[in-house]
Amino acid sequence: MTRLTGGVIDHETALRFTFNGKTYSGRKGDTLASALLANGVQLVGRSFKYHRPRGVLSAGSEEPNALVTLRGGAREEPNTRATVTELFDGLRARSQNHVGPLHRDFMAVNDLLSPLFASGFYYKTFMWPRAFWEKLYEPLIRHAAGLGRLSGEADPDAYDKGFLHCDLLVIGGGAAGLSAALGAGRAGVKVILADEDFQFGGRLLAETHQLDGMPATSWVTAVMAELAGLENVRVMPRTTVFGTYDHGIYGAVERVSDHLSAADGAVRQTLWRITAKRSILAAGATERHIPFPNNDRPGIMLAGAMRAYANRWAASPTRHPSDPVIIFTNNDDGHRTATDLLAKGVPVSAVVDPRSDAPTFGDYELITGVVDDTKGRLGLTSVRVTQNGQSRWMPCGALGVSGGWNPNVHLSSHHRSKPVWDDALLAFVPGKDLPNGMIVAGAAVGQGTTVKALRSGVEAAVSSLAALGIAAEPIDLPDADDTAAAQTAFWHVSRKGRAWVDFQNDVTVKDIVLAHQENMRPVEHLKRWTTLGMATDQGKTSNISALAVMAELTGKSLPETGTTIFRPPYTGVTLSVLGGGDTGKHFRPTRYTPTHQWSASQGATFVEVGAWLRAQYFVQPGETHWRQSVDREVLAVRSGVGLCDVTTLGKIDVQGPDAAEFLNRIYCNMMGTLAVGRVRYGVMLREDGHAYDDGTCARLSENHFVVTTTTANAAIVYRNMEFARQCLWPELNVSLISTTDAWAQIAVAGPNSRTLLSRVVDGFDLSNEVFPFMACAELTVCGGLRARLFRISFSGELAYEIAVPARYGNALLERLAQVGADLGATPYGTEALGVMRIEKGHAAGSELNGQTTAQMLSLGRMVSEKKDSIGAVMSRREGLAQDKRRLVGFSPIDKSEAIVAGSHLFTQGETRNTTTDQGWITSAAYSPHVGSSIAIGFLEEGDARMGEVVIAANPLEGREVRVEVVSPHFVDPEGGRLRD
Amino acid sequence: MLIPHPLLGLRDAQEFTYLGDASLLNRPDASSPDAAVAFFDYVYLRDNPAGVHRELWFHEQGDRSWLIVTRNTLTHEILNAELACESAVKSEVLA
């Protein structure tokens with residue numbers, strides 16, 4: 001045990017957890033990383049490429065090494081940073097990326113073969129022989145690559161998403177964030193304060209600085225208590241603001257119950273979309289390390305992280321209490337680690353500092369030199385210190401490294417604002433053109449001393465409120481330390497041996513030198529060639545150091561070398577929370593038809609049609625195959641009467657004095673001349689001349705039309721009609737209403753349909769003379785229910801469609817089935833509907849696929865020459881007008897063979913390729929009326945090839961069918977039935 | 001993104017359907033002798049400026065009005081939003 005005293009953990013509350021199957025005890029307030037360190041566990045994982053033993057490097061979300069898999073089963077969560085995992089009782093964790101036990105990884109052979117795995121190795125090696133790539137190399141590499149593995153099971157937990165609005169969003173709850181939130185909170189504006197940590201305070205928790213002569217934690221506690229009492233302030237711990245989006249919108253993930261042993265069904269994480277008028281980025285800074293040979297051993301840690309573990313979590317970085325610690329730093333800040341550790345009783349044998357003028361702050365040996373090698377494969381045992389050309393090995397249990405601090409500018413750069421180099425700070429700070437409304441404060445803008453951080457937070461709050469027109473008084477701040485840590489640029493130790501820059505992707509200084517040799521010098525090339533900064537940590541601890549090495553090699557300055565572009569997310573976001581619970585059935589809404597309930601009671605099988613669930617067919621007792629049900633339904637319609645819910649077809653009410661003129665311009669055919677009480681078939685074109693939708697248009701009165709669309713295009717047709725009304729012809733006096741959901745519509749089709757309808761209409765004359773084919777009327781049914789009746793037919797039989805207010809749809813269908821029982825009234829679904837429209841040669845979605853023209857549909861003459869309409873001009877252009885493909889029918893020569901939709905058509909005896917392609921089958925079905933498979937499709941000059949036998953080839957399944965070209969009207973080609 | 005709807009105030013861009021260049025308002029005259037060429041330009045040729053762009057957005061999940069939004073495509077700054085029907089009438093009056 002290397003647990004120290006003090007800190008902000010609850011020493012009285014022990015939490016049990018397991019790591020690689022072994023049980024340990026931690027304390028409330030620990031992270032998994034601090035608990036492991038307090039148990040003397042340094043080795044926590046293996047590196048990505050070389051399988052090098054690794055330990056905890058940092059104390060925050062920048063962690064590249066300590067990635068573990070949490071939990072198990074379907075809740076297994078790979079690649080989780082132990083440094084930000086809040087410990088709870090019963091936590092189960094295991095290390096990743098090794099074959100065999102962690103301390104004896106069989107894949108560690110990669111480390112011995114490291115010369116083979118230099119940057120660019122894959123690109124150069126696995127090029128040859130070419131055929132090996134897919135079968136051998138890629139599977140091998142894929143097997144070896146990757147860190148943790150997914151469970152492969154569906155995530156069983158609940159996730160949520162929500163929207164928040166505020167005047168001021170404060171990102172980060174350290175010194176700057178807390179003073180900003182307090183300043184703005186006291187002024188009464190709506191504030192959200194978010195921090196990724198479970199405790200507010202940031203570095204104030206990790207340092208020993210005092211505020212007003214008291215421990216900083218006392219001030220933090222007081223501020224949090226005051227903020228909790230302010231109704232206008234929302235405090236959000238465990239909330240990572242991961243991205244800056246347009247117009248003051250921020251993405252955030254709140255880990256609601258990740259830290260609980262038993263969530264009891266609570267939402268695990270919530271995705272927040274925060275709209276903020278102003279924002280203050282107080283995200284602090286990330287310490288950088290100094291690359292030197294073998295700098296990646298367990299026990300080598302950032303110096304600031306060591307302070308955090310000792311001061312906040314009372315955990316020593318060594319395996320044994322007596323092991324001494326050595327510090328390697330290029331700045332005064334590193335020396336503070338030595339004094340803080342000594343104050344906690346941790347032995348510190350030396351501070352190694354390359355600066356000749358380095359000061360001493362405490363009772364430790366100061367060595368002016370560098371650390372340039374280490375020993376201890378599974379845990380650090382000694383380091384080699386070189387001073388004035390003299391080297392010596394010094395035993396130690398941990399090494400703290402500090403190379404300075406990089407402000408966390410990420411969220412200020414998500415809109416492509418480029419950070420600028422600050423020579424005094426030796427770091428990139430936020431540049432110009434920050435996201436609208438954002439001010440950066442504290443260490444994130446280089447104001448890193450406690451006093452400067454507190455003050456810049458308050459100033460940012462005052463400025464933010466001033467921009468909102470609110471005058472706020474600066475709040476009183478506690479007295480604090482204002483000593484800037486002196487530092488000298490020192491980027492890496494140049495010695496033989498591998499010096500790691502990016503720990504997570506195993507990129508060394510050598511790799512950067514190689515990239516330079518290969519002329520991969522621009523930062524974007526460097527990154528892709530070496531994979532630097534492309535791991536899950538996005539190079540938070542490595543990018544700037546790598547740039548510095550490249551700058552040294554090219555002889556350019558760091559700002560000239562540039563910086564990579566920052567993109568969201570700041571840290572990894574799980575796909576589950578991005579889904580926000582909208583998965584499976586909840587992925588999109590389900591639209592039920594008005595008759596869903598009755599259809600279900602009649603044995604309907606439902607099918608998704610767009611967002612709708614429609615009855616596909618109705619299985620009756622004794623039917624074991626869907627074809628039996630469909631064939632029965634088709635024959636019932638053709639011999640008696642069938643009932644089908646057609647509500648899903650789009651309905652658009654068009655009203656106004658200019659409605660007729662408007663529809664003339666929308667449909668390619670003449671519609672304005674339609675008589676009141678009549679229906680006409682219409683085709684709509686896109687402006688590029690292709691057909692895109694068809695349907696009926698009914699004129700209920702002089703200034704009132706009802707347009708129907710296909711189910712799939714209901715929304716698009718309405719959108720386009722509104723575009724025409726508002727954008728093209730606003731001078732026309734016409735109004736549009738989408739009434740698809742308002743009216744339930746039922747097709748009543750078959751020779752007995754008139755008789756059946758006569759039993760529900762209220763004294764309405766349905767005779768052919770009064771209400772002929774293509775008539776429409778408003779009437780009442782069932783004793784006073786208002787309805788609309790259209791005599792239209794999709795099936796080719798005598799047929800009607802009757803519409804009633806949606807809430808009566810279910811009752812009407814039930815009534816029709818009831819009163820028509822003796823007439824053979826049979827409900828039918830979309831399958832029978834489809835069979836009958838193919839038998840009749842009617843176009844549907846497969847024919848109106850956006851690439852076909854009215855001419856191809858044999859409807860070319862419908863495009864009126866007498867008027868302009870959408871798409872009319874372009875439909876006559878070269879290429880479209882000359883297209884000779886026509887919609888025709890196909891009948892198999894061998895009646896037992898089935899034609900498959902999607903088959904391509906070829907002339908008999910012709911070789912088959914794209915140039916000899918004659919067209920394709922669009923729709924096919926078994927026709928119980930014909931007694932064989934039938935199809936329709938587009939064929940070159942199809943209308944002139946009746947009787948010819950062609951090949952319908954289906955090379956995908958290695959099948960072909962000889963088919964005869966026939967009329968697409970397989971049933972009643974003269975159309976006598978529907979006019980009776 | 002947030003779009004300042006002239007009638008409804010700031011609305012989330014997710015409520016809208018995007019169409020494109022507002023030049024689609026200027027549908028050519030089908031009766032003119034060069035109609036074929038004019039329609040080809042209208043349907044297929046559009047500027048794609050890096051900078052200020054007038055474009056059409058449909059408030060499909062809202063009041064179903066078509067808006068002309070002037071947006072800087074480099075910064076997503078929205079400079080103006082107006083009802084397309086008013087703009088269309090205006091340009092006709094001007095013509």
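This briefing covers the domains of chain A, its interface with chain B, and selected local features.

The model is predicted: local features need pLDDT of at least 70, side-chain atom pairs count only at pLDDT 80 or more, and totals for chains, interfaces and linings use all residues. Residues are numbered from 1 along each chain as its sequence is written, chains are lettered from A in the order in which they are written, and side-chain values use heavy atoms, with hydrogens and water left out. Chain A and chain B bury about 2300 Å² between them, and four salt bridges cross their interface.

**Domains of chain A**

- Chain A is divided into domain 1 (159-285 + 407-467), domain 2 (288-403), domain 3 (499-560), domain 4 (606-648 + 742-837), domain 5 (651-738) and domain 6 (876-979); the bounds come from an automatic or database domain assignment.
- The centres of domain 1 and domain 6 of chain A, taken over C-alpha atoms, lie 66 Å apart.

**Interface of chain A and chain B**

- Contact (heavy atoms within 4.5 Å) links 26 residues of chain A with 32 residues of chain B.
- Of the buried area, 59% is on carbon and sulfur atoms; buried area is the accessible area (1.4 Å probe) that two parts lose on being put together, summed over both.
- In chain A, A:His247, A:Arg719 and A:Gln726 lose the most area to chain B, together 24% of what that side buries.
- A salt bridge here is a side-chain nitrogen of Lys or Arg within 4 Å of a carboxyl oxygen of Asp or Glu; A:Glu687 forms one with B:Arg27, the closest N and O atoms being 2.5 Å apart.
- Polar contacts (N or O atoms within 3.5 Å; within protein, one able to donate a hydrogen and the other to accept it, with residues adjacent in sequence counting only if both atoms are side-chain atoms) join 11 residue pairs between chain A and chain B, both residues at pLDDT 80 or more.
- β15 (269-281), α18 (714-728) and α22 (872-875) of chain A each supply at least two residues of the side that touches chain B; helices (H or I, at least four residues) and strands (E, at least two) are DSSP runs, numbered from the N terminus.
- The largest share of that side of chain A, eight residues, comes from α18(A).
- The residues of the side of chain A that touches chain B divide into 11 nonpolar, six polar and nine charged.

**Buried sites in chain A**

- Ten residues carry most of helix α21 (residues 830-840) into the interior: 10 of its 11 residues are buried, so the helix is largely enclosed by the rest of the structure. Buried means under 20% relative accessible area (1.4 Å probe, protein chains only).
- A:Gly841, which follows α21(A), has a positive phi near 75°.
- A:Ser61, in the loop between β4 (53-54) and β5 (67-70) of chain A, counts as buried at 5% relative accessibility.
- The side chain of A:Ser61 makes a polar contact with the side chain of A:Glu196 (3.0 Å), and among the residues that A:Ser61 touches are A:Arg81 and A:Tyr570.

**Backbone features in chain A**

- The peptide bond from A:Pro568 to A:Pro569 is cis, with omega near 0°; A:Pro569 is in the loop between α13 (558-561) and α14 (575-579).
- A:Asp506, in the loop between β29 (500-502) and β30 (507-508), has a positive phi near 55° and is buried, with a relative accessible area of 0%.
- A:Asn519 has a positive phi of about 70° although it is not a glycine; its place is in the loop between α10 (509-517) and α11 (523-530).

Technical notes. Buried means under 20% relative accessible area, exposed over 50%, partly exposed in between (1.4 Å probe, protein chains only). Ala, Val, Leu, Ile, Met, Phe, Trp, Tyr, Cys and Pro count as nonpolar, Asp, Glu, Lys and Arg as charged, and the others, Gly among them, as polar. Lists of a residue's contacts leave out its neighbours within four places in sequence.
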